[in-house]
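Here's a quick briefing to read alongside the model.

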Amino acid sequence: MAIERTFSILKPDVTARNLTGAVNARIEAAGLRIVAQRRVRMTRAQAETFYAVHKGRGFFEELVAMMSSAPVVVQVLEGEGAIAKYREVMGATDPAKAAPGTIRKDFARSVGENSVHGSDAPGTAAIEVAQFFAGNDIVG
Ligand code: CMP
């Protein structure tokens, strides 16, 4: 399988509970390499742009408010089949449906405060990475 890059966010519920290292340990244990990482406080506009695909859905307002409410950690992860692998490590969007041993099963509080985001496809990964990182910021 080809080496891929995916975009990851450790959400406010992770930074608030000081779980950045614990989540990063899960990522690294899965064989994914953190090749770029930055702690940022997203503006509301940045969150709206990032989640534009969900605009109009019932949870959109709550989502952008939550994502801009406190620091997040944005990352680029690299590895074989990184997009699918990270989605497996994260678990289902709703932690109640996530498999045992996944990040969301073990750390997430709810479908809204679900600890992590990971890109769903190569096209979105490229767009999401480019929103937060320039080429020189990514050191593989
Ligand atoms: P994420 O992978 O970041 O992508 C969109 C986010 O919307 C999702 O994780 C959830 O945190 C959030 N969200 C909140 N409510 C819902 C919902 N009912 N269905 C799907 N996603 C939701």
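The largest nonpolar core has 21 residues, and those touching the most other members are Phe7, Ile9, Met67, Val74 and Phe133. A nonpolar core here is a set of buried Ala, Val, Leu, Ile, Met, Phe, Trp, Tyr and Cys residues joined through side-chain atoms within 4.5 Å. Buried means under 20% relative accessible area, exposed means over 50%, and partly exposed is in between (1.4 Å probe, protein chains only).

A word on the basis: this is a predicted model, with local features needing pLDDT of at least 70 and side-chain atom pairs counting only at pLDDT 80 or more, while totals for chains, interfaces and linings use all residues. Residues are numbered from 1 along each chain as its sequence is written, and side-chain values use heavy atoms, with hydrogens and water left out.

- Leaving aside residues up to four places away in sequence, Phe7 touches Phe50, Val74, Gln75, His117, Gly118, Ser119, Ala125, Glu128, Val129, Phe132 and Phe133. Contact means heavy atoms within 4.5 Å.
- There's also a second, separate core of 15 residues, with Leu10, Val14, Ala82 and Ile103 among them.

**Strands**

- β3 is mostly covered, with eight of its nine residues buried.
- β1 pairs with β3 in the antiparallel sense over eight bridges, and Ile3 stands opposite Glu80 in β3. Strands count as paired if DSSP finds at least two bridges between them.
- β2 and β3 also run antiparallel, joined by seven bridges. Here Arg33 stands opposite Glu78 in β3.

**Salt bridges**

- The whole structure holds seven salt bridges. The criterion is a side-chain nitrogen of Lys or Arg within 4 Å of a carboxyl oxygen of Asp or Glu.
- Arg5 and Glu78 form one, with their closest N and O atoms 2.8 Å apart. This pair links distant parts of the chain, 73 residues apart, with Arg5 in strand β1 and Glu78 in strand β3.
- Within that pair, Arg5 is partly exposed at 38% relative accessible area, whereas Glu78 counts as buried at 16%.
- Glu61 bridges to Arg44, the closest N and O atoms being 2.7 Å apart. Glu61 sits in helix α4 and Arg44 in helix α3, so this bridge ties together parts that are 17 residues apart in sequence.
- Both partners are partly exposed, Glu61 with a relative accessible area of 47% and Arg44 with 36%.
- Arg44, Glu48 and Glu61 are linked in a salt-bridge network.
- Asp94 pairs with Lys97, their closest N and O atoms being 4.0 Å apart. Asp94 is partly exposed at 24%, while Lys97 is exposed at 65%.

**Helix α2**

- In helix α2 (residues 20-29), the buried residues are Val23, Asn24 and Ile27. They cover an arc of only 100° around the axis, so they lie on the same side of α2. That arc is taken from the directions from the helix axis to the C-beta atoms.
- After α2 comes Gly31, with a positive phi near 90°.

Technical notes:
Helices (H or I, at least four residues) and strands (E, at least two) are DSSP runs, numbered from the N terminus.
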